Amino acid sequence: MGNQPSFPILDPNKLDTWRIRHCEIVQGEYLKEDKNYDFGVTREDFNQLLGAVDGCTTLGNHLWEVLDPKRAGMVATLEGIAALAVGCTDSMDVKLNFVFKHFDFKRDGDMSHDEVVILLSSTLSAMAKMEKSGILPGDDQMEKLADDLFLDADADKDGTIQRKEFLNWAKVKIAQQVIGEGEEVFRADVLTSFGLLPEAPARPPAAKKEPPVAANENSDNSNEAGDNSEAAAEGATEPVAEGYAA
Ligand SMILES: [Ca+2]
Ligand SMILES: [Ca+2]
């Protein structure tokens, strides 16, 4: 690691102050055999899962509103945990590593086609919900994306995707959307890279952080940002590499 970005002080109820290690605590809780968490969680179970992080009492409820927009009363557990990784504060590499491990169900260190499909659909679905203008990924679209990944990324042609192959593929894909090396990567960039935003978003001014995920009400900002989009694009300067510090 080159330049060390500074990270915010942890507030257990604000996802954008979480680090990947907090996501790992929740993941560890999910994998505890005596807890028997299912593929789908209720709001109550989700709160309990997140409560594995000391002091986390309200984040589960905030995030639930985002992840269950149709009020189905159930959230896919893997997607819920992926959402934590999406919304926390850590480098792109660290996040991608977490996601890779999270969806390596067989724990064999590489991705089968099925694992890739679930990884992509769960993570991008969480991301699209958190970015309110995102389009939810369709099954066919994710199958196709997984096919593309295997064609493009399986460098050693062994029919599975190793961690390095996945990281390279994802970063190249996202980098096509982000102008300038070391520039901060926003969720909208990632969604655009995977065809899940209707049109390329204006990049926000460098000084502005993306709004915290948990604060639903803050989403009003998106309109304002749209009005200023030209100014924002023109005024965009080189931000300090934070989200994408390699
Ligand atoms: Ca595997
Ligand atoms: Ca391979």
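Buried residues account for 37% of the 246 residues in the chain of this predicted model. As for how the chain folds back on itself, 67% of the contacts with a separation of 6 or more are between residues 24 or more positions apart.

From its first C-alpha to its last, H6 reaches 26 Å, close to the 26 Å expected at 1.5 Å a residue.

Next comes a pair of helices, H4 (residues 77–87) and H5 (residues 92–102). Their axes lie 9 Å apart and the two pack at an angle of about 170°. An angle over 145 degrees counts as roughly antiparallel, and H4 and H5 are therefore roughly antiparallel to each other. On the H4 side, the residues that meet H5 are Ile 81, Ala 82 and Ala 85, while H5 brings in Lys 95, Phe 98, Val 99 and His 102. Sorted by class, that contact has five nonpolar residues, one polar and one charged.

Most residues other than glycine have a negative phi. Asn 36, however, is not a glycine and still has a positive phi of about 55°. Asn 36 sits in the loop between helix H1 (20–31) and strand S1 (40–41). It has 7 other C-beta atoms within 10 Å, and since 12 or fewer makes a residue exposed, Asn 36 is exposed. Lys 157, again not a glycine, has a positive phi of about 50°. Its spot is the loop between helix H7 (139–153) and strand S4 (161–162). Lys 157 also counts as exposed, with 6 C-beta neighbours inside 10 Å.

Finally, how far can the model be trusted? The chain averages a pLDDT of 84, and 79% of the residues score at least 70. Among the elements, H4 has the highest mean pLDDT, 98, while helix H11 (residues 229–235) has the lowest, 41. Over residues 215–246 pLDDT stays under 50, and for this stretch the model has 49 contacts beyond four places in sequence. Where pLDDT is low, the predicted coordinates should not be read in detail.

Conventions: Residues are numbered from 1 along each chain as its sequence is written. Chains are lettered from A and ligands numbered from 1 in the order in which they are written. This is a predicted model: local features need pLDDT of at least 70, side-chain atom pairs count only at pLDDT 80 or more; totals for chains, interfaces and linings use all residues. A residue is buried if 20 or more other C-beta atoms lie within 10 Å of its own, exposed if 12 or fewer, and partly exposed in between; C-beta atoms are placed from the backbone. Two residues are in contact if their C-beta atoms, placed from the backbone, lie within 7 Å. Axes are lines fitted to C-alpha atoms, for helices over the stretch in contact, and angles run from 0 to 180 degrees between N-to-C directions. Helices (H or I, at least four residues) and strands (E, at least two) are DSSP runs, numbered from the N terminus. Angles under 35 degrees count as roughly parallel, over 145 as roughly antiparallel, 65 to 115 as roughly perpendicular and the rest as oblique. Ala, Val, Leu, Ile, Met, Phe, Trp, Tyr, Cys and Pro count as nonpolar, Asp, Glu, Lys and Arg as charged, and the others, Gly among them, as polar. pLDDT is the predictor's confidence in each residue, from 0 to 100. The expected span of a helix is 1.5 Å times one less than its number of residues.
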